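Q: How do I read a structure like this one? Please take me through it feature by feature.

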Amino acid sequence: MEARCLEPGQIAIRRAYLSNLSLPSDAHALELGSGTGHVTKDLLNLAGAKTAHGLEPSPVMVARAKKSFGDDARLTFEIGDAKSTGFEDASFDLVRMHTLLCHVPGPEDIVREAFRILKTGGVLAICDGDYNTATAQIADFDPLHQLVRLMINQNVTNLWIMRQIPGILLETGFELGACTGHGYVAAKEAT
């Protein structure tokens with residue numbers, strides 16, 4: 001997870017969709033599914049939030065985030081459930097889900113929770129994959145393709161989440177904003 005967060009192609013994708021956000025100068029941001037915290041820090045550096053909070057179900061990931069970024073008072077991390085955050089209504093100017101919805105059954109529950117905790121006029125930023133089209137195949141019968149499909153099938157609950165998300169957002173009450181596709185090919189060997 002750390003290697004993917006620090007990979008230049010992944011950073012470019014995050015920069016592309018976060019740099020154009022218009023947030024108030026005192027914006028409070030939340031990342032649901034914050035992992036090790038690298039992507040949450042982008043809410044400060046790229047999106048321009050004053051503070052950023054990461055909510056993550058894995059105690060191991062929260063501990064790593066706190067170890068890596070605990071000296072930055074603008075960042076906080078805690079263990080929690082994206083479907084029931086415990087935050088008050090209208091608490092955040094920005095809620096972000098970066099490669100989260102593909103992993104959870106019932107993604108509409110998380111979208112409803114985001115709607116509840118966003119301030120009026122707040123921004124929901126979602127970035128996820130179209131995993132049904134993911135491949136590493138370079139020729140017919142490439143054995144690596146089968147390994148990639150196995151990894152995806154073991155880790156991704158919904159291969160088509162980004163095709164479904166516009167309908168989920170509209171049903172929840174969101175207005176659709178910009179939707180941009182980002183191609184991704186790892187530029188070098190994984191570390």
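The dialogue below goes from the sheet to single residues and then to the cores.

A: One caution before we start. This is a predicted model.

Q: How many strands does the open sheet have, and in what order?

A: Strands of a sheet pair through backbone hydrogen bonds, either parallel or antiparallel. Here five strands form an open sheet with parallel pairing, in the order β3-β2-β1-β4-β5. β3 (75-79) and β5 (118-127) are at the edges; each has a single partner strand, so one side of each lacks a neighbour in the sheet. On average, neighbouring strands are turned by 20° against each other, direction ignored.

Q: Which residue stands opposite Ala 29 in β4?

A: Begin with the pair of strands. β1 (residues 28-32) and β4 (residues 92-98) are joined in the parallel sense over three bridges. Within β4, Leu 94 stands opposite Ala 29. Helix α2 (residues 8-18) also belongs in this picture: the helix packs on the sheet and touches β4 and β5. The direction of α2 makes about 150° with that of β4.

Q: Over how many bridges do β2 and β3 pair?

A: Five, in the parallel sense, with β2 covering residues 51-56. To get from β2 to β3, the chain passes through helix α4 (residues 59-69). This β-α-β crossover is right-handed.

Q: Is His 53 buried or exposed?

A: Judge by relative accessibility: under 20% means buried. His 53, in strand β2, has 12%, so the residue counts as buried. Its side chain makes a polar contact of 2.4 Å with the side chain of Thr 76.

Q: Where is Thr 40, and which side chain does a polar contact join to that of Thr 40?

A: Look in helix α3 (residues 38-45) for Thr 40. Its relative accessibility is 0%, so Thr 40 counts as buried. A polar contact of 2.5 Å joins its side chain to that of Glu 31. Beyond four places in sequence, Thr 40 is in contact with residues including Ser 34, Ala 52, His 53, Leu 75 and Arg 96.

Q: Which residues have the most contacts inside the largest nonpolar core?

A: That core has 29 residues. Those with the most contacts inside it are Leu 30, Leu 32, Val 95, Met 97, Leu 101, Ile 110 and Leu 124. The elements giving two or more residues to this core are β1, β4, α5 (107-117), β5, α6 (143-155) and α7 (161-172). Another core, of 20 residues, lies apart from it; Ala 29, Leu 46, Ala 49 and Leu 75 are among its members.

Q: What does Leu 32 touch?

A: Set aside residues up to four places away in sequence. Leu 32 then touches Leu 55, Ala 82, Thr 85, Val 95, Arg 96, Met 97, Leu 100 and Ile 110.

Q: How far apart are Ile 117 and Asp 42 in sequence and in space?

A: They are 75 residues apart in sequence and 20 Å apart in space, C-alpha to C-alpha. Ile 117 is found in helix α5. At 0% relative accessibility, Ile 117 counts as buried. Not counting residues up to four places away in sequence, Ile 117 touches Leu 30, Phe 87, Phe 92 and Val 95, among others.

Conventions
Residues numbered from 1 in each chain as written. Predicted model: local features only at pLDDT ≥ 70, side-chain atom pairs only at ≥ 80, totals over all residues. Heavy atoms only, no water. Pairing = 2+ DSSP bridges. Helix = DSSP H or I, 4+ residues; strand = E, 2+ residues; numbered from the N terminus. Axes fitted to C-alpha atoms, helices over the stretch in contact; angles between N-to-C directions. Contact = heavy atoms within 4.5 Å. Buried < 20%, exposed > 50% of the residue type's maximum accessible area, 1.4 Å probe, protein only. Polar contact = N/O pair within 3.5 Å; in protein donor to acceptor, adjacent residues only side chain to side chain. Right-handed = clockwise from strand over helix to strand, strands pointing away. Core = buried A, V, L, I, M, F, W, Y, C linked by side-chain atoms within 4.5 Å.
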